[in-house]
There are 4 protein chains.
Amino acid sequence: MTPNPGRQAGRPRSAEKREAILAATLALLTAQGYVRTTLDQVAARAGVSKSTVHLRWKTKADLVSAALAAQRVGDHVAPLTGDARADLVTRLAAFATFLDDVRGMRLIGTCLAEEEHHPELLALMRERTVGPRRALFREALEQQPGLAADPEDVVSALIGSYFADYYAGRTTGDRNAWAVRVVDLLLGGALRR
Amino acid sequence: MTPNPGRQAGRPRSAEKREAILAATLALLTAQGYVRTTLDQVAARAGVSKSTVHLRWKTKADLVSAALAAQRVGDHVAPLTGDARADLVTRLAAFATFLDDVRGMRLIGTCLAEEEHHPELLALMRERTVGPRRALFREALEQQPGLAADPEDVVSALIGSYFADYYAGRTTGDRNAWAVRVVDLLLGGALRR
Amino acid sequence: MTPNPGRQAGRPRSAEKREAILAATLALLTAQGYVRTTLDQVAARAGVSKSTVHLRWKTKADLVSAALAAQRVGDHVAPLTGDARADLVTRLAAFATFLDDVRGMRLIGTCLAEEEHHPELLALMRERTVGPRRALFREALEQQPGLAADPEDVVSALIGSYFADYYAGRTTGDRNAWAVRVVDLLLGGALRR
Amino acid sequence: MTPNPGRQAGRPRSAEKREAILAATLALLTAQGYVRTTLDQVAARAGVSKSTVHLRWKTKADLVSAALAAQRVGDHVAPLTGDARADLVTRLAAFATFLDDVRGMRLIGTCLAEEEHHPELLALMRERTVGPRRALFREALEQQPGLAADPEDVVSALIGSYFADYYAGRTTGDRNAWAVRVVDLLLGGALRR
DNA sequence: CATGAATGAGACTTCATTCAT
DNA sequence: CATGAATGAAGTCTCATTCAT
């Protein structure tokens, strides 16, 4: 009575479509935020019908969650060199460049704005993106001998410098020089010794 | 500016309604973000009709801009004491407490998320809120002799620490202790001397 | 603060539109049943926008309930003459003619079919239509001296004869002759005396 | 007609699935009506895929027609005893009990409601269900000597009493006592002799 | 034969905005 | 000035049906 459980019956789901849908969702999400992103847009951009989207994800929230969860962090991370200061600079510059490129602050903004209606979005970002990213900084930081501060505080100050600059509209052309300044500030402090 | 309360002629209650509408708008904006906030909700919360809202602001974007512009920063700011470290701690703790109380990150998130469709919202926040707030920190910081770093970088790291903590879901009960840690980290650096 | 409670502020709701919407709803309901009747159809037939419908009735079920509740029974009822047999014939013929004209069995069918999802429809029909209609027959019947049967049973057999004929596809051209036959059957019984 | 159960070749399980699908269709039809019954529900309840349903019946209307046509009436009919009154009571009570049990009025309601879009449903009911059922009553009635009324009128009044009671919400616990009352009313008439 | 994927048409509902009173 | 009616555009989700495996 039950169909052969070892073989998949029927037509298999297209993996390309899945990827296309998730990519389209993430792009639109970043550009317009959760509420403005419509399933029509997603379907059109992914080149599938709206119903195909609904076939795989029951609701819009499900789709968006899947798109966020499919994000990857840590591809192409430069390996540690043993020099904490240099590694922090490298990773901070890479982080800033990445967020610049993907307009990351808009996506982050959406998750913050939707915290009331869809707390799972922020939760997903924390789990899949924030956590791994912070771990990269912690890892680099732990190479540093004589660290006297709470590493999490340092990580927050590093990452937060990007956020606050963006929010204030401070633009920075050279991400490397910026990263050097921020890391030096955090490691050495603001005061002349 | 306020209509003479003893007279009947002119436009009675006009200013009250204006305030009520703007306050309702800001509250809803913070709770739900731009797109989810409807004019019906605003009108209901302000105790006026939807048309009354449209009478004063032509579009929803205008209304929201007005609500953001009406925000005030710097009420009840503690005066400087001459002790940069202490003043920074005071102001940072006040800043964090304020954002905690008004769920500020949601409003900020909305402005970031809407940057594509309504860049004026983020611009307004920068002009009316971010700028004045950063000035408070700069002012306190400039009391500090022997400052070797770019003050704007320090301000971004201070403010950004709040942002990054929030985004990461790091919760902090005692805002004062937290501010002490962050200010010490920024002024003294992460390394043992 | 509260607007003058004695006068209606703003534009009054058009009574014509209300009537048109309810009439359109009832007509479509009769022709197609609950589920097939769409708000687009209702709006188009009533000559209003869909939103106008929603302004007055929050949901489709509300609208349909209102349309059913607005039905009237007992307009143009012939007054009693004192002759029970004659009055029953008159009223039964009128009843059958009315149901023939308005395709009443379809509307009844819809309410029966929707009993699971929308029991309020059947309940409304019972309260507004069935009850008053049965009362007309009871009233006529009670004039009859020497009534030995339960009047409600007699009413059910009279009315039910129409239902069963319709369901069986028995067509009857002359509603008066049919009513005479049914009333005689019920009053006198099927057996030769 | 049924495939040889001892063989593997041909179309195994085909008949079982057919029965399961038709039974599921009828059950859902009764519970929800035509329009609300979806092929997904039918397939799920029958334990087959939606495509398997379409493989056998081209459209939803075809499937529903088949399900209605597959209904049987007259199983377990008590044989006639020669006593018309007693046989009518037996059969009327059985009829009422059956409709009570299978929620027959909802299915009937659906066919009435769909008369516009799918007249074949009502036609099928008349042919397969109404006709045979009425024949059972006629058969019992024809045993009665001295019958002065049109037998079809009597049958309609008997059956219709059930319909009208249901439509009016008159509930009856003891179906036998109810049948006695109705048959007596029809045979003897409502008047005291 | 049987399954599951894919789709186009359509339904209900929401909302910013414009009118009429 | 202020209100409530009226509306057009749009959004999410459902479903019968057709394809591909």
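Author: We can begin with charged pairs across an interface. The model is predicted, and between chain B and chain A it has a count of 12 salt bridges.

Reader: Which residue of chain B forms a salt bridge with Asp153(A)?

Author: The partner of Asp153(A) is Arg170(B), and the closest N and O atoms of this salt bridge are 3.0 Å apart.

Reader: How many residues does each chain bring to the contact between chain B and chain A?

Author: Chain B gives 55 residues and chain A gives 55 residues. The area buried between the two chains is about 5,000 Å², and 58% of that comes from carbon and sulfur atoms. On the side of chain B, the most area is lost to chain A by Arg36(B), Tyr167(B) and Leu191(B), which together account for 16% of what that side buries.

Reader: How are two packed helices described?

Author: By the angle between their axes and the distance between the axes. In chain C, helix H1 (residues 15-32) packs with helix H2 (residues 39-46) at an angle of about 130°, and their axes are 8 Å apart. H1(C) and H2(C) are therefore oblique to each other. Their crossing is right-handed.

Reader: Which residues make that contact between H1(C) and H2(C)?

Author: From H1(C) come Ala20(C), Ile21(C), Ala24(C), Thr25(C), Ala27(C), Leu28(C) and Gln32(C), while H2(C) supplies Gln41(C), Val42(C), Arg45(C) and Ala46(C). Sorted by class, the contact of H1(C) with H2(C) holds 7 nonpolar, 3 polar and 1 charged residues.

Notes
Residues are numbered from 1 along each chain as its sequence is written. Chains are lettered from A and ligands numbered from 1 in the order in which they are written. This is a predicted model: local features need pLDDT of at least 70, side-chain atom pairs count only at pLDDT 80 or more; totals for chains, interfaces and linings use all residues. Side-chain values use heavy atoms; hydrogens and water are left out. Axes are lines fitted to C-alpha atoms, for helices over the stretch in contact, and angles run from 0 to 180 degrees between N-to-C directions. Helices (H or I, at least four residues) and strands (E, at least two) are DSSP runs, numbered from the N terminus. Angles under 35 degrees count as roughly parallel, over 145 as roughly antiparallel, 65 to 115 as roughly perpendicular and the rest as oblique. A crossing is left-handed if the near helix is turned anticlockwise from the far one by less than a right angle, and right-handed if clockwise. Contact means heavy atoms within 4.5 Å. Ala, Val, Leu, Ile, Met, Phe, Trp, Tyr, Cys and Pro count as nonpolar, Asp, Glu, Lys and Arg as charged, and the others, Gly among them, as polar. Buried area is the accessible area (1.4 Å probe) that two parts lose on being put together, summed over both. A salt bridge is a side-chain nitrogen of Lys or Arg within 4 Å of a carboxyl oxygen of Asp or Glu.
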